[in-house]
Amino acid sequence: MKITARQRDRTIALSALVQAAALVQQLAETGQINTTELKTMLQSLVIQDPLTTESVYGSVSDLRTGIRQLNTQLSKKKDKKDVVLLRYVIGLLHLERQLAKQPDMLDQISREIDQVPQQIDYFGDILSPQVIARFADIYHRTLSGLKPQIQVYGDPGFLQQPDNVNKVRALLLSGIRAAVLWRQKGGRRWQFLFQSAKIMAAAEALYAVS
């Protein structure tokens with residue numbers, strides 16, 4: 001099946017959304033995540049005027065976890081953990097739709113994210129706790145007030161640690177970024193029902209070159 005450039009772009013964005021959700025799940029359940037994958041998601045928030053959809057995330061290889069998980073979600077071999085991941089993905093898509101109805105909030109998020117690179121320069125790394133806390137604060141003061149709220153399930157011991165709470169919120173913000181990008185490239189929820197084969201073929205093609 002030939003994959004168009006638009007389908008490829010949509011699949012990259014959707015894979016990024018799934019990767020953000022997968023990292024939230026891993027952090028909530030194990031207290032650990034891959035810092036390289038976390039960095040990929042955080043950097044997507046501060047990329048301005050990207051030349052391509054892929055360049056928002058560095059390269060397709062930086063989204064291997066998301067692509068693999070997207071394949072699993074579209075297959076019929078899901079287990080209980082995959083259902084939890086799907087719940088996060090659907091929650092992010094719903095939240096993005098609510099955000100689209102709040103242009104003032106969208107402008108506020110954009111303005112505040114525009115200031116984050118100054119913090120990155122000051123603290124020296126996008127992975128610094130202070131920068132992650134800034135992303136988390138942006139999410140908390142804006143998106144967390146929209147309905148339906150995303151409920152994160154996991155080990156309370158991990159979810160009560162302030163640094164983990166900040167990472168979860170920052171990742172959810174990056175998931176919204178991916179959801180916005182997916183919709184900008186023509187992504188629609190009905191495609192999961194009627195075009196799942198095309199999405200899966202595009203995801204498999206991406207995984208093969210990642």
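Predicted model: local features only at pLDDT ≥ 70, side-chain atom pairs only at ≥ 80, totals over all residues.
## Salt bridges overall

Side chains of opposite charge can pair when their charged atoms come close. A search of the whole structure turns up 5 salt bridges.

## Glutamate 54 and arginine 8

Glutamate 54 pairs with arginine 8 in a salt bridge. Their closest N and O atoms are 3.3 Å apart. Glutamate 54 sits in the loop between helix 2 (35-44) and helix 3 (64-74), while arginine 8 belongs to helix 1 (residues 5-30). The pair therefore ties together parts that are 46 residues apart in sequence.

## Arginine 141 and aspartate 137

Arginine 141 forms a salt bridge with aspartate 137. Here the closest N and O atoms lie 2.7 Å apart. Both residues are in helix 7 (residues 129-141). They are 4 residues apart, so about one helical turn separates them.

Arginine 141 is partly exposed, with 40% relative accessibility. Aspartate 137 is partly exposed as well, with 32%.

## A network around glutamate 96

Some salt bridges share partners, and these join Glu96, Arg97 and Arg183 into one network. Within it, arginine 97 forms a salt bridge with glutamate 96. The closest N and O atoms of that pair are 3.0 Å apart.

How accessible is each residue of this pair? Glutamate 96 is buried, with a relative accessible area of 5%. Arginine 97 is partly exposed, at 24% relative accessibility.

Two packed helices are described by the angle between their axes and the distance between the axes.

Which residues make the contact? Helix 2 contributes Leu38, Met41, Leu42 and Ser44. Helix 9 contributes Lys167, Ala170, Leu171, Ser174 and Arg177. By type, the residues of this contact are 5 nonpolar, 2 polar and 2 charged.

Key:
Residues numbered from 1 in each chain as written. Heavy atoms only, no water. Salt bridge = Lys/Arg side-chain N within 4 Å of Asp/Glu carboxyl O. Helix = DSSP H or I, 4+ residues; strand = E, 2+ residues; numbered from the N terminus. Buried < 20%, exposed > 50% of the residue type's maximum accessible area, 1.4 Å probe, protein only. Contact = heavy atoms within 4.5 Å. Nonpolar A, V, L, I, M, F, W, Y, C, P; charged D, E, K, R; others polar.
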